[in-house]
Structure formats: structure tokens, C-alpha cells
Amino acid sequence: SFLKEYDLEGKTVIPFNTNAGYGIGSSFQTVKELCPKSSVLEGFSVKGGIERDGILFVMEGEKEKQVQVEIQNWLKKIKMIN
């Protein structure tokens with residue numbers, strides 16, 4: 001609803017998400033469709049924490065470090081950082 005409500009013409013849109021294993025589905029494609037006059041950069045998606053039986057399992061340890069590296073690489077790839 002945000003993308004339908006606001007005019008992002010001429011803006012740069014950078015989609016990203018965390019999920020519990022379902023991935024992005026058609027989310028990034030939908031962003032492109034709803035922002036036809038914007039520059040939509042390559043998105044980033046990562047499986048984050050999950051909830052099982054009411055208990056939240058957060059991303060930590062080696063997985064957290066791995067994702068930090070992946071995010072840094074993605075930001076370099078889309079030229080948001082050097």
C-alpha cells in the first residue's frame with residue numbers, strides 16, 4: 001500500500017527483505033511494477049530468524065556473520081558503498 005500511495009518517480013528504490021524461509025516470492029517484481037518511473041536496484045533477501053511453537057529463533061553466530069558479509073557484498077554490488 002505504501003508504494004501505491006506515494007509517488008516515487010525519479011527516486012531510487014532498493015528492495016530488501018528478511019524471511020523465515022519463504023523467500024521473496026513475487027515481492028521484488030511487484031516493487032518494479034509499482035515503481036515504473038523509479039530506478040529499482042537489485043534487491044537482497046535473506047532467511048532470518050524463525051518462529052516455531054511460539055519460540056523465536058533469531059539469527060546468530062556464524063549465520064549472522066555470514067549475512068553481514070553478504071549484505072556488504074550486495075551493497076558494494078549496487079554501488080551503495082565502496
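Reply: Helices (H or I, at least four residues) and strands (E, at least two) are DSSP runs, numbered from the N terminus. This is a predicted model, in which local features need pLDDT of at least 70 and side-chain atom pairs count only at pLDDT 80 or more, while totals for chains, interfaces and linings use all residues. Residues are numbered from 1 along each chain as its sequence is written, and side-chain values use heavy atoms, with hydrogens and water left out.

Me: How many helices and strands are there in the chain?

Reply: From the N terminus on, the order of the elements is α-β-β-α-β-β-β-β-α. The totals are 3 helices and 6 strands.

Me: Is the chain compact or more spread out than a compact globule?

Reply: The radius of gyration is taken over C-alpha atoms, and the globule rule is 2.2 Å times the number of residues to the power 0.38. For 82 residues the rule gives 12 Å, whereas the chain has 15 Å, well over that value, so the chain is more spread out than a compact globule.

Me: What share of the 82 residues in the chain is buried?

Reply: Buried means under 20% relative accessible area, exposed over 50%, and partly exposed in between (1.4 Å probe, protein chains only). By that cut-off, the buried share of the chain is 20%.

Me: Which residues make up the largest nonpolar core?

Reply: A nonpolar core is a set of buried Ala, Val, Leu, Ile, Met, Phe, Trp, Tyr and Cys residues joined through side-chain atoms within 4.5 Å. In soluble globular proteins, nonpolar side chains tend to be buried together. Here the largest such core has 5 residues: Phe44, Val46, Val67, Trp74 and Ile78.

Me: Which residues is Val67 in contact with, leaving aside its neighbours within four places in sequence?

Reply: Contact means heavy atoms within 4.5 Å. With those neighbours set aside, Val67 touches Val46 and Met59.

Me: Which residue meets Glu42 in a salt bridge?

Reply: A salt bridge is a side-chain nitrogen of Lys or Arg within 4 Å of a carboxyl oxygen of Asp or Glu. For Glu42 the N to O distance is 3.4 Å, and the partner is Lys77. The pair links distant parts of the chain, with Glu42 in the loop between strands S3 and S4 and Lys77 in helix H3, 35 residues apart.
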